[in-house]
Every structure is written in C-alpha cells, then in structure tokens.
Amino acid sequence: MSAFVIDAFEFCRNNGHREGVTPVAEMNRLAADCADKSGEIAWTIEGGQTRQGYPMLTLSVSGTVQLVCQRCLTPFGYGLDSSTVLVLGKDDKEADEIEEILDDESIDVIVGSHACDIRDLLEDEALLALPQAPKHEVCPDTKLLDAIKSEKVSPFAALKSLKSE
C-alpha cells in the first residue's frame, strides 16, 4: 500500500496529520495545465470532526506554478495558496444528507473511502486554485501582442473596396 493511501475515516477519527512537498511534474493533470513542469507544491492534510461529529479533512496547498498569460502569451509564475474543508460521507445518500444538514457553501461533502489516495485530493485542490484565465497584473513585454494586433486585418476591409462612391 502506498504511503499516500489512507483510510480517510480512520485518519479523521485519529486527528491525523501529514505534510510534504510534491513536484509539479508528479501531478500529471496539474502539469498539463502549466507552461512547464517546474515547481513544487507544499501541502498539508489534517483529519478531524465537524461540530456535528462528521469526519472532516482539511487540505492546504501552496507553491508557484508556471502558467501562460492569456494576454501576452508568455509564461509567468503564479502563486498558489489554497485551503479547503472536505466532510466525508459513507455513500452518496449520506453525503447528500450531510450537505443538507450543514447548509454551508464553503464546505464540500464527498464520499469518503477506506483506501483514499490523498495525492488525488491534493492535485484536485491545486487545480481548483488555478485561475480560469491566467494573466499578469501588468504584462512585462507586449511586443508579441502588439505585432498580432498590427497584423490583424479587419474583416470589413474587403467591404470597403465594394463601396461605390
């Protein structure tokens, strides 16, 4: 059994704690969304219970990944820093019931497992922390963007020649 596979319910019951650092290159789905596979993700996972006694995992991820700016099309370092709370249900029915009882949009309720690979949960959290359209605050070099704008021919330019005077 992998060191990353846990019994999620037992982990929560024992107030388990794990932390580590994983290279982006080892997170295939995250690496596919990045400009390159450099960087590392520091993570922690803690087990516990909600006030109502439901098993709960708290996941945190942080690190810098390389994304492509959607404005200037150059790579830049994007800092991830995200944390989430996952409450565990034994099956879909119980998860739905817990979600209704908690009635809190900031808490996600999932179906737990006795053989849970925490790498998947951590990678999911990192992916959810990525922006939909990554952009620099201020693009450092707009030469490529300016060149594209200047080369772009208006779709109405051809109509201009058809216009009778």
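Q: Where is Glu123 located?
A: This is a predicted model, and in it Glu123 sits in helix 4.

Q: Is Glu123 buried or exposed?
A: Glu123 counts as buried, because its relative accessibility is 8% and the cut-off for buried is under 20%.

Q: What is Glu123 in contact with, beyond its neighbours within four places in sequence?
A: Glu123 is in contact with Met27, Asn28, Arg29 and Leu30.

Q: Which of its contacts is a salt bridge partner?
A: The side chain of Arg29 forms a salt bridge with that of Glu123, at 3.5 Å from N to O. The pair links distant parts of the chain, with Glu123 in helix 4 and Arg29 in helix 2, 94 residues apart. Arg29 is partly exposed, with a relative accessible area of 38%.

Q: Where do Arg13 and Glu10 lie?
A: Both residues lie in helix 1, three residues apart, about one turn of the helix. Arg13 is exposed, with a relative accessible area of 52%, whereas Glu10 counts as partly exposed at 33%.

Q: And Arg119, how exposed is that one?
A: Arg119 counts as partly exposed, at 39% relative accessibility.

Q: Changing topic: how many residues does the largest nonpolar core have?
A: The largest nonpolar core has 32 residues. Those with the most contacts inside it are Val24, Leu30, Ile41, Ile45, Leu57, Val65 and Leu80.

Q: Which elements give two or more residues to this core?
A: They are helix 1 (8-13), helix 2 (28-32), strand 3 (40-49), strand 4 (55-68), strand 5 (75-89) and helix 4 (118-128). Strand 4 gives the most, with five residues.

Q: Take Leu80. What does it touch away from its sequence neighbours?
A: Leaving aside neighbours within four places in sequence, Leu80 is in contact with Ile41, Val61, Ser62, Gly63, Val65, Ala126, Ala129 and Leu130. There is also a second, separate core of seven residues, which includes Tyr54, Val87, Ala95 and Val109.

Q: Back to helix 1. Is Ala8 buried or exposed?
A: Ala8, which lies in helix 1, counts as buried at 1% relative accessibility. Leaving aside neighbours within four places in sequence, Ala8 is in contact with Leu88, Ser113, His114 and Cys116. Ala8 and Ile118 are 110 residues apart in sequence and 8.9 Å apart in space, C-alpha to C-alpha.

Q: How many aromatic pairs does a search of the whole structure find?
A: The search finds one aromatic pair. Phe4 and Trp43 form it, and the pair is tilted, with 6.0 Å centre to centre and 55° between the planes. Phe4 is in the segment before strand 1 (5-6) and Trp43 is in strand 3, 39 residues apart. Phe4 is partly exposed, with a relative accessible area of 25%, whereas Trp43 counts as buried at 6%.

Q: Last one: which residues make the nonpolar surface patch?
A: Phe156, Leu159 and Leu162 make a nonpolar surface patch of about 370 Å². Phe156 is in the loop between helix 5 (143-151) and helix 6 (157-162), and is exposed, with a relative accessible area of 58%.

Methods. Residues are numbered from 1 along each chain as its sequence is written. This is a predicted model: local features need pLDDT of at least 70, side-chain atom pairs count only at pLDDT 80 or more; totals for chains, interfaces and linings use all residues. Side-chain values use heavy atoms; hydrogens and water are left out. A nonpolar core is a set of buried Ala, Val, Leu, Ile, Met, Phe, Trp, Tyr and Cys residues joined through side-chain atoms within 4.5 Å. Buried means under 20% relative accessible area, exposed over 50%, partly exposed in between (1.4 Å probe, protein chains only). Helices (H or I, at least four residues) and strands (E, at least two) are DSSP runs, numbered from the N terminus. Contact means heavy atoms within 4.5 Å. Rings of Phe, Tyr and Trp (its six-membered ring) pair if their centres lie within 6.5 Å; planes under 30 degrees apart count as stacked, over 60 as edge-to-face and the rest as tilted. Patches are made of residues with over 30% relative accessible area and no salt bridge: like charges are joined within 9 Å, nonpolar side chains (Val, Leu, Ile, Met, Phe, Trp, Tyr) within 5 Å. Accessible areas come from the Shrake-Rupley method with a 1.4 Å probe; for residues, only the protein chains shown count as cover. A salt bridge is a side-chain nitrogen of Lys or Arg within 4 Å of a carboxyl oxygen of Asp or Glu.
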